[in-house]
Amino acid sequence: MIGMGIADSSSIGWETTDPCDEPQAEKRAIRLRGPRGAPLPGWAAPVVTRIRELDSAAALSQRDWRPINFDDVADALGFLERVMHIDTSAPWIGRLSSGGIELTWKHADIEVEAIFDRLRADGVIIVAVGEHEWEEPIDKADSLFASVVDRLSVPYVEHTADA
Amino acid sequence: MHLSSIACRSLTLSTQPTPDIPAVDAPVSDESRVYRLIPVSNCKAVDGEWEFQSGAFDNASPMHEKECPHDMSVVLSDSLEALSRVPHRLPANSLVCAADPDAWGVAALDVGFLRHEESQDILRTPNDDEPAHGDVRGKKAPKCRRRMKKNATWVVQPSVQPE
């Protein structure tokens with residue numbers, strides 16, 4: 001299970017212990033940081049809250065679905081820290097049976113799915129704009145996401161929704 | 001027994017088969033459908049409705065190497081009909097949903113689509129808890145899950161209201 005909390009005003013961190021490793025349970029931690037000590041962007045808190053929710057006992061009730069993989073979470077958060085702007089809308093986050101996670105954004109004709117799945121070596125990003133679709137391995141996802149990130153900003157989404 | 005995530009059923013039919021339903025080795029026609037139980041954790045709330053995401057169509061990830069990692073647990077429409085049961089009652093009647101049936105919905109996929117466009121095999125894998133149980137066997141890469149999402153339709157959405 002992953003334990004998370006707000007570490008200080010500019011970061012959210014969590015740590016995990018793997019029951020399989022006990023008694024040498026290693027605590028590992030990841031922190032989301034605002035750029036250069038700035039406040040965390042708006043998407044950070046919803047992301048952490050959602051991951052915590054997915055890691056809860058209720059979400060683990062599906063048999064043959066594994067607990068969330070800490071490394072996949074770390075990969076996903078690293079991706080978000082690299083590619084998200086301060087005003088980018090938070091992704092929807094879902095769990096995979098492997099313990100991997102999927103991040104999705106959808107607005108107007110843009111859809112993004114970023115899959116972090118080390119167990120099955122299935123990490124990939126899929127970006128769809130209208131009928132066109134592009135795919136890259138997750139380790140090469142940044143530039144593909146960058147091509148649509150401006151159209152996933154909260155102001156842009158709100159503006160186009162009002163139009 | 002958790003219906004949504006049962007892996008390859010090596011322990012099929014530990015009881016006598018129900019005479020009215022198709023035999024385990026009877027072919028499943030292209031015109032049949034499969035029903036997939038989907039929890040709200042695999043759904044995004046959009047305009048007050050639940051929208052299932054690609055991860056809802058993930059294979060199980062069994063812990064044991066002897067079990068097949070390419071099975072997605074479903075209920076077969078022809079077996080269900082033979083038992084005079086209806087799909088929208090599956091959340092209320094399935095053990096996997098017993099803790100919170102309102103948090104589960106049922107999506108349908110056409111067997112013909114799964115077999116011919118996604119190269120999946122449809123297996124009859126009845127078990128003690130669900131005599132109409134089946135598995136959709138085949139690798140499901142992220143793009144495959146995405147196509148399944150696009151081709152699936154709700155039979156019944158989770159009755160719990162999105163926040």
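This is a predicted model: local features need pLDDT of at least 70, side-chain atom pairs count only at pLDDT 80 or more; totals for chains, interfaces and linings use all residues.
Local features require pLDDT of at least 70 and side-chain atom pairs count only at pLDDT 80 or more, whereas totals for chains, interfaces and linings use all residues. Residues are numbered from 1 along each chain as its sequence is written, chains are lettered from A in the order in which they are written, and side-chain values use heavy atoms, with hydrogens and water left out.

Chain A contains an open sheet of five strands in the order E4-E5-E6-E7-E8, paired in the antiparallel sense. Strands are DSSP runs of at least two residues (E) and helices of at least four (H or I), numbered from the N terminus; two strands pair if DSSP finds at least two bridges between them. E7(A) and E8(A) are joined by six bridges, and Val127(A) has Trp134(A) in E8(A) as its bridge partner.

The contact (heavy atoms within 4.5 Å) draws 26 residues from chain A and 33 residues from chain B. Ten salt bridges cross this interface, a salt bridge being a side-chain nitrogen of Lys or Arg within 4 Å of a carboxyl oxygen of Asp or Glu. One of them joins Lys149(B) to Glu113(A), at 3.3 Å from N to O. The side of chain A that touches chain B comprises eight nonpolar, five polar and 13 charged residues; Asp, Glu, Lys and Arg count as charged, Ala, Val, Leu, Ile, Met, Phe, Trp, Tyr, Cys and Pro as nonpolar, and the others, Gly among them, as polar.
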